[in-house]
Amino acid sequence: MSRIGKLPIAVPSGVDVAIDERLVTVKGPKGTLSHQVAAPITVAKDDNGTLEVKRPDDERESRSLHGLTRTLINNMVIGVTDGYEKKLEIVGVGYRVLSKGPTQLEFQLGYSHSITFNAPEGITFTVDGPTRLGVQGIDKQLVGETAANIRKLRKPEPYKGKGVRYAGEHIRRKVGKAGK
């Protein structure tokens, strides 16, 4: 049995969960998220306000979807109550970020031009100084994807470590060429 799949999902007060056939909709103080549950998995609401994810059999596909579905629904509950945030750092001489509102950033990353990055729907940015920024939202997958797309603008290089990196990310450094 999946250890993650059989854990109940605690629904805090102020969060409303609606289950309609295969569609699970979670509504909270920060917004609304919905997820289409895959075929063999079922989601039921208990009397004490928790959600239970069940599978009908021990087939390989059912087992793999069991824990996944439970985690996705739990992430939706956390997202509508607390939200998610990814922090990024910019390292490099002359590399910086400017805020052009809560949903638009302008980067100077060593190219001959500046790069304007627009946030997808449901994502906001916070800029803490010229080299630190945060990506915030209620959808964990979308926050991570947006942060990865920003990092992709200038990945950290292994010699000097210049580029956009996640906060606290360790970059494996290489030794430069040996001098005479």
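This is a predicted model: local features need pLDDT of at least 70, side-chain atom pairs count only at pLDDT 80 or more; totals for chains, interfaces and linings use all residues.
**The four-stranded sheet**

Four strands make up an open sheet in which the order is β11-β12-β7-β13 and the pairing is antiparallel. The edge positions are held by β11, residues 123-127, and β13, residues 163-166. Each of these has a single partner strand, so one side of each is left without a neighbour in the sheet. From one strand to the next, the twist averages 25°. Helix α2, which spans residues 140-152, packs on this sheet and touches β7 (84-91), β11, β12 and β13. The direction of α2 makes about 10° with that of β7.

Within the sheet, β11 pairs with β12 (residues 132-137) in the antiparallel sense, over 5 bridges. In this pairing F125 stands opposite V135 of β12.

R151 has its place in helix α2. With a relative accessible area of 17%, R151 is buried, because the limit for that class is under 20%. Apart from neighbours within four places in sequence, R151 is in contact with L88, P156, V164, R165, Y166 and E169.

**The three-stranded sheet**

A further open sheet has 3 strands in the order β1-β6-β5, with antiparallel pairing. Here β1 and β5 (42-45) stand at the edges. Both have a single partner strand, so one side of each lacks a neighbour in the sheet. The pairing of β5 with β6 (residues 50-54) is antiparallel and runs over 4 bridges, and T42 stands opposite K54 in β6. Helix α1 packs on this sheet, touching β1, β5 and β6, and its direction makes about 160° with that of β6.

P8 lies in the segment before β1 (9-10). The relative accessible area of P8 is 46%, which makes this residue partly exposed. Leaving aside neighbours within four places in sequence, P8 is in contact with T50, L51, E52 and R70. Of these partners, T50, L51 and E52 lie within the span of β6 (residues 50-54), while R70 lies within that of α1 (60-81). The C-alpha atoms of P8 and S62 are separated by 18 Å, and the two residues are 54 residues apart along the chain.

β2 (residues 16-20) pairs with β3 (residues 23-28) in the antiparallel sense over 5 bridges, with D16 opposite K27 in β3. The hairpin of β2 and β3 has 2 residues between the strands. E21 is found in the loop between these two strands. Its phi is near 55°, a positive value in a residue other than glycine. Most residues other than glycine have a negative phi. E21 is exposed, with a relative accessible area of 76%.

β3 also pairs with β4 in the antiparallel sense, over 6 bridges. The bridge partner of V26 in β4 is L33. A hairpin is formed by β3 and β4 too, with 2 residues between them.

**The largest pocket**

The volume of the largest pocket is about 170 Å³. Its lining consists of L33, S34, H35, L72, N75, M76, Y84, I138, D139, K140 and Q141. At least two lining residues come from each of β4 (31-36), α1 (60-81) and α2. By class, the lining divides into 5 nonpolar, 4 polar and 2 charged residues.

One of the lining residues, N75, is found in helix α1. Which residues does N75 contact when neighbours within four places in sequence are left aside? They are Y84 and K140, and both of these also line the pocket. N75 is buried, with a relative accessible area of 17%.

**Accessibility of the residues described**

| Residue | Relative accessible area | Class |
|---|---|---|
| R151 | 17% | buried |
| N75 | 17% | buried |
| P8 | 46% | partly exposed |
| E21 | 76% | exposed |

Terms used: Residues are numbered from 1 along each chain as its sequence is written. Side-chain values use heavy atoms; hydrogens and water are left out. Two strands pair if DSSP finds at least two bridges between them. Axes are lines fitted to C-alpha atoms, for helices over the stretch in contact, and angles run from 0 to 180 degrees between N-to-C directions. Contact means heavy atoms within 4.5 Å. On a 1 Å grid over the protein atoms alone, a cavity is a set of points where a 1.4 Å probe fits but cannot get out, and a pocket is an open set with protein on both sides within 12 Å along at least five of seven lines; lining residues have an atom within 4 Å of a point. Grid points are joined across faces, edges and corners, and a volume is the space filled by probe spheres set on the points. Ala, Val, Leu, Ile, Met, Phe, Trp, Tyr, Cys and Pro count as nonpolar, Asp, Glu, Lys and Arg as charged, and the others, Gly among them, as polar. Buried means under 20% relative accessible area, exposed over 50%, partly exposed in between (1.4 Å probe, protein chains only).
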